[in-house]
Amino acid sequence: MLQAYIIATGDELVRGTTADTNSAFLSARLAELGIPTRGRIAVGDDAAAITHAVAMAAELADLIICTGGLGPTRDDVTRAAVCEAMGCELEVRPEEAQRIRDWFASRGRPMPESNLRQAMFPRDAVLLVNPRGTASGMLFRRRGKIVVL
């Protein structure tokens, strides 16, 4: 039976200044689908902590869902930390880089180069395009696990 583990990232979550409503929502939706959530954890914007949480989740569940940390700033380290834990490399997806450029252009705003970090994905990842912004998600399989960011 497929079991899930949810990792929420963000300093605001571990400081308690923001409630982790994403994990509760996801656990409820997974239960509706018949997928039990084996555990949930919140970790700060720290690559080592995220890598450790992903490695732990991979020991306990078949489906790892990470929320947060996909933005363009220095503290958005989720994608790199997850790939480190799961043994994959990130590469720029030109079509996603262009979509991000177009998003800024359509609003008449210059694009900060840091936003190109958001166009990096594992080679075999399925992009979960964000129609409202620049932080698209991803889904990929690695080491017998399904990973969703």
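# Close-up views of a predicted model

**View A. Cys66 is buried, with a relative accessible area of 4%.** Buried means under 20% relative accessible area; over 50% is exposed, and values in between are partly exposed (1.4 Å probe, protein chains only). The model is predicted, so to speak of a local feature takes a pLDDT of at least 70 and a side-chain atom pair counts only at pLDDT 80 or more, while totals for chains, interfaces and linings use all residues. Residues are numbered from 1 along each chain as its sequence is written, and side-chain values use heavy atoms, with hydrogens and water left out. Which cysteine sulfur is closest to that of Cys66? It belongs to Cys83, 10 Å away, too far for a bond. A disulfide is counted when two cysteine sulfur atoms lie within 2.5 Å. By this rule there are 0 disulfides. Cys88 is also buried, at 11% relative accessible area.

View B. Along the sequence, the pattern reads β-α-α-β-α-β-α-β-α-β-β-β-β. The radius of gyration is 15 Å, close to the 15 Å that the globule rule gives for 149 residues, so the protein is as compact as a globular protein of that length. The radius is taken over C-alpha atoms, and the rule is 2.2 Å times the number of residues to the power 0.38. The C-alpha trace spans about 45 × 35 × 30 Å along its principal axes. Of the 149 residues, 46% count as buried.

**View C. An open sheet of 6 strands runs in the order S2-S1-S3-S8-S7-S6.** Its pairing is mixed. Two strands pair if DSSP finds at least two bridges between them. Which strands lie at the edges? They are S2 (37-43) and S6 (126-128), each pairing on one side only. From one strand to the next, the twist averages 15°. Axes here are lines fitted to C-alpha atoms, for helices over the stretch in contact, and angles run from 0 to 180 degrees between N-to-C directions.

**View D. Strands S7 (137-142) and S8 (145-148) form an antiparallel pair over 4 bridges.** Together they make a hairpin with 2 residues between them. Arg143, in the turn, has a positive phi of about 55°. Arg141 has Ile146 of S8 as its bridge partner. Phe140 stands opposite Val147 in S8. S7 also pairs with S6 in the antiparallel sense, over 3 bridges. There, Leu128 has Gly137 of S7 as its bridge partner.

**View E. Helices H2 and H3 lie across strands of the sheet.** H3 (47-60) lies across S1, S2, S3 and S8. Its angle to S1 is about 170°.

**View F. Asn115 sits in the loop between helix H5 (94-106) and strand S5 (120-122).** Is Asn115 buried or exposed? At 5% relative accessibility, it counts as buried. Setting aside neighbours within four places in sequence, Asn115 is in contact with Pro72, Ile100, Phe104 and Thr134. Contact means heavy atoms within 4.5 Å.
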